[in-house]
Amino acid sequence: MLSHWVPSYSLFSGRTRSREFTASATHSHFPSLSFFPNQKISCMDATGLDSYGREFKTADEMWREHTGDSSKKTQWYRDGVSYWEGVNPTMDGVLGGFANVNEPDISCSEDFLKILLSERFPADARRQPLVVLDCGSGIGRVTKNLLIRYFNEVDLLEPVSQFLETARQTLALGCQTNAVHKAVNFYCVPLQDFTPDAGRYDVIWIQWCIGHLTDEDFVSFFNRAKVGLKPGGFFVLKENIARSGFVLDNEDRSVTRSDTYFKELFSQCGLHVYRLKDQKGFPEELFAVKMYALTTDAPKRALRAKSKRSINRPKTIM
């Protein structure tokens, strides 16, 4: 989903969407909150809109209506994949007609990734090849333009078969000339059904696709995916951000969540925000986009805050 409406599922197979409905979704504001795993999620009680302009009093109301029983939930995911199966497997197709955002998207992501790799996996301390999973990989846009340049092995996960086949063909050309950086596995599986091999990945990259998952499947996916991380590994989640509450796209069956909504879900997953970064350079009509680096271990700065000697020191804003 871009801001216009980046595709969701594979959605973020590297695609995009517009925020035609975000302006009207700004009528409520959320205070700063501290979150604990068993705490009631107040943000999910916030109002949201769908792409027809209908208002939901809570996220639970929206989820009950669309995925409240097994048949509805099955249809929700089926409709999401069907939407993307009708999209051309091209840059412009997966980016929802906003192919011009590819360059600023990759550039901003690269700046973020370089900082993360230097901090978590310093070059002089690396003893093994770096491996990444590209979730919602689509036609391989992010893998081709970014990930394969920094990782020795890339696995691609995408539920739309025509997108994955396009990625396979495109990346095969590069692999013929570069045996050090290559795409290895191509999984045609939806996020909600995927379980990674234990300890395979240094990074799991999830871009413009998590909006297709229900809250329940969001938490379930990350809990399974944590097993796939190596020691020191982390997630990068890059997503459209609603100004408040949520925005439901009735067409591609995806939900754009607010920053507060995301952070409450992260808490339920037992994940910590290690770093975050705002996307720059996108057209104003698109949703805002954020990148979250998520770890299973608490950032050291959070632990330092407990020190008596550091209580009155200014906090570093990341």
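What is the handedness of the crossing of helix 4 and helix 5? The crossing is right-handed, meaning that the near helix is turned clockwise from the far one by less than a right angle.

**View 1. The whole chain, a predicted model.** The chain holds 9 helices and 11 strands. These are DSSP runs numbered from the N terminus (helices: H or I, at least four residues; strands: E, at least two). Of its 318 residues, 54% are buried (under 20% relative accessible area, 1.4 Å probe, protein chains only). Accessible surface is about 14200 Å², by the Shrake-Rupley method with a 1.4 Å probe. Carbon and sulfur atoms account for 50% of that surface.

**View 2. Helix 4 packed with helix 5.** Residues 102-120 form helix 4, and residues 141-150 form helix 5. Their axes, lines fitted to C-alpha atoms over the stretch in contact, lie 10 Å apart at an angle of about 25°. So helix 4 is roughly parallel to helix 5 (angles under 35 degrees).

**View 3. Residues where helix 4 meets helix 5.** Contact means heavy atoms within 4.5 Å. From helix 4, the contacting residues include I106, L113 and L117. From helix 5, they include V142, L146 and Y150. By class, the contact has 7 nonpolar, 3 polar and 5 charged residues.

**View 4. R253 in its loop.** R253 sits between strand 8 (246-249) and strand 9 (254-257). It counts as buried because its relative accessibility is 17%. R253 and Q75 are 178 residues apart in sequence, yet 9.7 Å apart C-alpha to C-alpha.

**Notes.** Residues are numbered from 1 along each chain, and side-chain values use heavy atoms, without hydrogens or water. Local features need pLDDT of at least 70, and side-chain atom pairs count only at pLDDT 80 or more, whereas totals for chains, interfaces and linings use all residues.

Definitions and conventions: Axes are lines fitted to C-alpha atoms, for helices over the stretch in contact, and angles run from 0 to 180 degrees between N-to-C directions. Angles under 35 degrees count as roughly parallel, over 145 as roughly antiparallel, 65 to 115 as roughly perpendicular and the rest as oblique. Ala, Val, Leu, Ile, Met, Phe, Trp, Tyr, Cys and Pro count as nonpolar, Asp, Glu, Lys and Arg as charged, and the others, Gly among them, as polar. Buried means under 20% relative accessible area, exposed over 50%, partly exposed in between (1.4 Å probe, protein chains only).
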